[in-house]
Amino acid sequence: MIYTVTLNPSIDYIVHVDKLEIGGLNRMKQDFKLPGGKGLNVSRILKRLDGQTTALGFLGGFTGDFIGKWIEQEGIINEFTSIKEDTRINVKLKAGEETEINGLGPVVSDTEITDLKEKLAHITSEDIVVLSGSMAPSLPSDFYESLITIIKAKGADFIIDTTGKALLEAIPHQPLLIKPNNHELAELFQTSFSKTEDMFPYGEQLLKNGAKHVLISLGGDGSILFTKDGIYQANVPKGTLKNSVGSGDSMIAGFVGQFEKTKDPLEAFKYGVACGSATAFSDDLATAEKIRSLIPEVQIKKVK
Ligand SMILES: Nc1ncnc2c1ncn2[C@@H]1O[C@H](COP(=O)(O)OP(=O)(O)OP(=O)(O)O)[C@@H](O)[C@H]1O
Ligand SMILES: O=P(O)(O)OC[C@@]1(O)O[C@H](CO)[C@@H](O)[C@@H]1O
């Protein structure tokens, strides 16, 4: 079973306007409310690909009810911890360019924290846990590490998709996968890249530090996978960009879903690319049909 943990889920309020007038009254052309949060997006894609997935994290208030009902309707096992405060709303403003305004997130109490940890402790060594996204500021800064301790004690694998200190602290615990994008990688090492090859030593360093696989996503420019056997680069399938929100999460879902089945990192990489691009070419997260249609277009070559 693949578990996802979304500590700070959201309703993603997607707002389309023709042209944004700062300081004026803007009328929406179209709007959508969708369940959001990185781990939840991973679960939603896994489910569409017929995977079994359980979603953990914190959900509260009217916003939490909306998300809980939605994901249950999609067949995702909902083991979220109920919290007193409202889950946040993240605004995704589409006015030609995309602008995101993400909420801070609710205060989570000690009892709520204990409940989440108890639920996580039900996993077995056969399971993979995906830890994704930001933490509400009320949580201790080493919270992800405390969850990793539980996961490791059960002998399960984990994937972590977060940034900064929480990501750096997780790497020595040997995550199955980390997936920084090129900007996050540059930030981790306080550097900048002018070409793809510049990233190679940093990806290799992350492997040395403990990650079992490192996937660096480059948006519309593709992605690079670092494994113990070498470095591989993928193209991007052709299509029209509709929405880049959630393409990174979709990539992780494709990778972990296929890795669970085949244990083959290159096969997993191929599915990851197809899922990431399929979401980039869709209004919401990609459908299984769209993902499957892109698989034949993905080409992976060894570059080192
Ligand atoms: N414009 C695009 N065209 C084709 N494929 C894309 C595009 N944008 C993203 N993808 C696919 O999705 C993968 C992940 O995208 P990206 O690098 O933007 O992740 P991310 O920064 O984690 O995204 P997010 O945080 O918005 O979910 C890319 O490596 C690529 O395979
Ligand atoms: O604020 P975080 O946790 O970093 O990111 C949250 C978020 O932007 O990530 C998802 C896309 O990856 C969205 O569904 C959600 O709104």
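Trainee: How does the shell around ligand 1 divide by class into nonpolar, polar and charged residues?

Mentor: The shell around ligand 1 is made up of 7 nonpolar, 12 polar and 1 charged residues, and please keep in mind throughout that this is a predicted model.

Trainee: Which residues of that shell around ligand 1 are the closest?

Mentor: Of the 20 residues that surround ligand 1, the closest are Ser-217, Gly-220, Gly-248, Gly-276 and Ser-277. The elements that contribute two or more residues to this shell are α8 (247-262) and α9 (265-280).

Trainee: Which residues come nearest to ligand 2, and which elements supply at least two residues of its shell?

Mentor: Among the 16 residues around ligand 2, those that come nearest are Gly-36, Asn-90, Asn-102, Gly-133 and Ser-134. At least two residues each are supplied by β2 (10-16), α1 (38-48) and α8, and by class the shell around ligand 2 holds 1 nonpolar, 11 polar and 4 charged residues.

Trainee: Turning to the strands, which residues of β9 point one way and which the other way?

Mentor: In a regular strand the side chains alternate between the two faces of the sheet. In β9, Ile-128, Val-130 and Ser-132 point one way, Val-129 and Leu-131 point the other way, and all are buried. Since 5 of the 5 residues of strand β9 (residues 128-132) are buried, the strand is largely enclosed by the rest of the structure.

Trainee: Which strands are joined to β9 by bridges?

Mentor: Strand β1 (residues 2-6) runs parallel to β9 and is joined to it by 4 bridges, with Ile-2 standing opposite Ile-128. Strand β10 (residues 157-161) also pairs with β9 in the parallel sense, over 5 bridges, and here Leu-131 stands opposite Ile-160. β1 in turn runs parallel to strand β4 (residues 53-60), to which 5 bridges join it, and Thr-6 has Gly-57 of β4 as its bridge partner. Both faces of β1 are covered, with Ile-2, Thr-4 and Thr-6 buried on one side and Tyr-3 and Val-5 buried on the other.

Trainee: What kind of unit do β9, α4 and β10 make?

Mentor: Together β9, α4 and β10 make a right-handed β-α-β unit. Leu-147 lies in helix α4 (residues 143-153), and to judge its burial one counts the other C-beta atoms within 10 Å, 20 or more being the cut-off for buried. Leu-147 has 21 of them, and is therefore buried. Beyond its neighbours within four places in sequence, Leu-147 is in contact with Val-5, Leu-120 and Leu-131; of these, Val-5 is one of the buried residues of β1 and Leu-131 is one of the buried residues of β9.

Key. Residues numbered from 1 in each chain as written. Chains lettered and ligands numbered in written order. Predicted model: local features only at pLDDT ≥ 70, side-chain atom pairs only at ≥ 80, totals over all residues. Buried ≥ 20, exposed ≤ 12 C-beta atoms within 10 Å, placed from the backbone. Contact = placed C-beta atoms within 7 Å. Pairing = 2+ DSSP bridges. Right-handed = clockwise from strand over helix to strand, strands pointing away. Near = placed C-beta within 6 Å. Nonpolar A, V, L, I, M, F, W, Y, C, P; charged D, E, K, R; others polar.
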